Amino acid sequence: MKLGRLNHIGIATPSIADSIAHYRDAMGATKFHTPFDMPEQGVKVCFIDTPGQNGTFGTQIELIEPLDGNSPINGFLDKNPLGGQHHVCFEVPDIAEARAEFEGQGKRILGPTRIGAHGTPIFFVHPKDMQGVLTEIMETPKEGQHWSN
Ligand code: CO
């Protein structure tokens, strides 16, 4: 396994607007991307940048709000009404290779490899096989393909 950068931490929230206010006012965040809907995942998403080295941005916060009553994160919010940490996302250089390695380790992968919120291929690994942490694996964006919004 070739572990890459911690790309983002996914945080479920009942209100992206309230969470943006929190990260701005209590945490001092200054770089907010435009929220967008991912209807095929049943969620609205908003990325917040944390500062990185040399003027770049570092690990992002991914705010996730349910789009409707059928959203897969409604169950999480039922158990955690304030919202909370939902998943972590690590980059890997080659998504197919990483998937094959996890499968070889007998870990349960949730669904097919698909295009994630950054426009690059992702998959999720079951928290019960990942020390209790729902883990998203994402292929590192190619040079010049870096996602922005
Ligand atoms: Co994510």
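Modeller: Let's begin with Asp-129, which counts as buried because its relative accessible area is 19%. Buried here means under 20%, exposed means over 50%, and partly exposed is whatever lies in between, using a 1.4 Å probe and protein chains only. Before going further, a word on the background: this is a predicted model, in which local features need pLDDT of at least 70 and side-chain atom pairs count only at pLDDT 80 or more, while totals for chains, interfaces and linings use all residues. Residues are numbered from 1 along each chain as its sequence is written, and side-chain values use heavy atoms, with hydrogens and water left out.

Back to Asp-129, which forms a salt bridge with Arg-108, with 2.9 Å between the closest N and O atoms. That pair links distant parts of the chain, 21 residues apart: Asp-129 sits in the loop between strand 8 (121–125) and strand 9, and Arg-108 in the loop between helix 3 and strand 7 (109–115). Helices (H or I, at least four residues) and strands (E, at least two) are DSSP runs, numbered from the N terminus. A salt bridge means a side-chain nitrogen of Lys or Arg within 4 Å of a carboxyl oxygen of Asp or Glu. While Asp-129 is buried, Arg-108 is partly exposed at 43% relative accessibility. In general, side chains of opposite charge can pair when their charged atoms come close.

A search of the whole structure turns up six salt bridges. Lys-2 and Glu-97 make one of them, the closest N and O atoms being 3.2 Å apart. Here too distant parts are linked, with Lys-2 in the segment before strand 1 and Glu-97 in helix 3 (residues 95–104), 95 residues apart. Glu-97 is partly exposed, at 35% relative accessible area. Then there is Asp-25 with Arg-24, where the closest N and O atoms are 2.9 Å apart. Asp-25 is exposed at 57%, and Arg-24 is partly exposed at 43%.

Now for the metal. Which residues hold the cobalt ion? His-8 (NE2), Glu-62 (OE), His-87 (NE2) and Glu-136 (OE) coordinate the cobalt ion at 2.0 to 2.1 Å. A donor is an N, O or S atom within 2.8 Å of the metal (3.2 Å for Na, K and Ca), and water is not among the atoms, so sites may look incomplete. The angles between the four donor atoms run from 86 to 174 degrees, so the arrangement is irregular. For comparison, four donors count as tetrahedral if all angles lie between 85 and 135 degrees; four count as square planar, and six as octahedral, if opposite donors are over 155 degrees apart and all others between 65 and 115; anything else is irregular. Along the chain, the donors are spaced as H-x53-E-x24-H-x48-E. His-8 lies in strand 1 (residues 6–12) and Glu-62 in strand 5 (residues 57–66), so this pair ties together parts 54 residues apart in sequence. Both His-8 and Glu-62 are buried.

Around the site, the strands join up. Two strands pair if DSSP finds at least two bridges between them. Strand 1 pairs with strand 6 (residues 84–92) in the antiparallel sense over six bridges, and His-8 stands opposite Cys-89 of strand 6. Strand 6 also runs parallel to strand 9 (residues 135–139), joined by five bridges, with Glu-91 partnered by Met-138 in strand 9.

His-86 is worth a stop too, as a residue of strand 6. Its side chain makes a polar contact of 3.0 Å with the side chain of His-87. A polar contact is a pair of N or O atoms within 3.5 Å; within protein, one must be able to donate a hydrogen and the other to accept it, and residues adjacent in sequence count only if both atoms are side-chain atoms. Beyond its neighbours within four places in sequence, His-86 is in contact (heavy atoms within 4.5 Å) with residues including Gly-10, Ile-64 and Phe-76.
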